[in-house]
Amino acid sequence: MRVWIDQDLCTGDGLCVDHCHDVFVQLEDGIAYVSEAGQVLNDPGSSGSLARVEERHAQSVVRAAEVCPGECIFIELDEGETWSSVLDGDSVPQSS
Ligand code: SF4
């Protein structure tokens, strides 16, 4: 699962940081960005700002996206991933 933020819509309230400070950060401009492995991806609007989310943070990131007042946190599932697998904490879905 990967996540990115449309900084043009961000209100800067910091709710996402409250939910998962390992993935979301607020910089000096007051706007939120994503980070991956401790590195802030602050290149708005490019694929370089798409951060891979560790499984242990997946539910917090989804919750942050749900409460984001700017509706500007976007989640992209990896191939073979489903919403239920992400929310159940099982990123490798069972084959049927
Ligand atoms: S919750 Fe949304 S609007 Fe608020 S700081 Fe985070 S990305 Fe920006």
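Q: Which residue is the bridge partner of Val3 in strand 5?
A: The bridge partner of Val3 in strand 5 is Ala51. This is a predicted model: local features need pLDDT of at least 70, side-chain atom pairs count only at pLDDT 80 or more, and totals for chains, interfaces and linings use all residues. Residues are numbered from 1 along each chain as its sequence is written.

Q: What makes strand 1 and strand 5 a pair?
A: Two strands pair if DSSP finds at least two bridges between them. Strand 1 and strand 5 are joined by two bridges, so they pair. They run antiparallel.

Q: What is counted as a helix or a strand here, and how many does the protein chain have?
A: Both are DSSP runs, numbered from the N terminus: helices are H or I with at least four residues, strands are E with at least two. By that count the protein chain has three helices and six strands. From the N terminus on, their order is β-α-β-β-β-β-α-β-α.

Q: Why is strand 5 called an edge strand?
A: Three strands form an open sheet in the order 5-1-6, with antiparallel pairing. Strand 5 (51-52) and strand 6 (73-76) are the edge strands, because each pairs on one side only. Strand 1 (residues 2-5) is joined to strand 6 by four bridges. There Trp4 stands opposite Phe74.

Q: What holds the strands of a sheet together in general?
A: They pair through backbone hydrogen bonds, either parallel or antiparallel.

Q: How do you know that strand 3 pairs with strand 2 and with strand 4?
A: Count the bridges again. Three join strand 2 (residues 24-26) to strand 3, and three join strand 3 to strand 4 (residues 39-41). Both counts meet the cut-off, so both are pairs. Val25 stands opposite Tyr33 in the one, and Ser35 stands opposite Val40 in the other.

Q: What lies in the turns of the two hairpins?
A: Strand 2 and strand 3 have five residues between them, and Gly30 in that turn has a positive phi of about 85°. Strand 3 and strand 4 have two residues between them, and Ala37 in that turn has a positive phi of about 55°.

Q: What makes a group of residues a nonpolar core?
A: The members are buried Ala, Val, Leu, Ile, Met, Phe, Trp, Tyr and Cys residues joined through C-beta atoms within 7 Å. Buried means that 20 or more other C-beta atoms, placed from the backbone, lie within 10 Å of a residue's own. The largest such core has 20 residues, and Val3, Val23 and Val34 have the most contacts inside it. Strand 1, strand 3 (32-36) and helix 2 each give two or more residues to this core.

Q: Which residues does Val34 touch, not counting those up to four places away in sequence?
A: Contact means C-beta atoms, placed from the backbone, within 7 Å. Among those that Val34 touches are Val3, Val23, Leu41 and Ala51.

Q: What surrounds the ligand?
A: There are 15 residues around the ligand, the closest being Cys10, Cys16, Ala32, Cys68 and Gly70. A residue is near if its C-beta atom, placed from the backbone, lies within 6 Å.

Key:
A residue is buried if 20 or more other C-beta atoms lie within 10 Å of its own, exposed if 12 or fewer, and partly exposed in between; C-beta atoms are placed from the backbone. Two residues are in contact if their C-beta atoms, placed from the backbone, lie within 7 Å.
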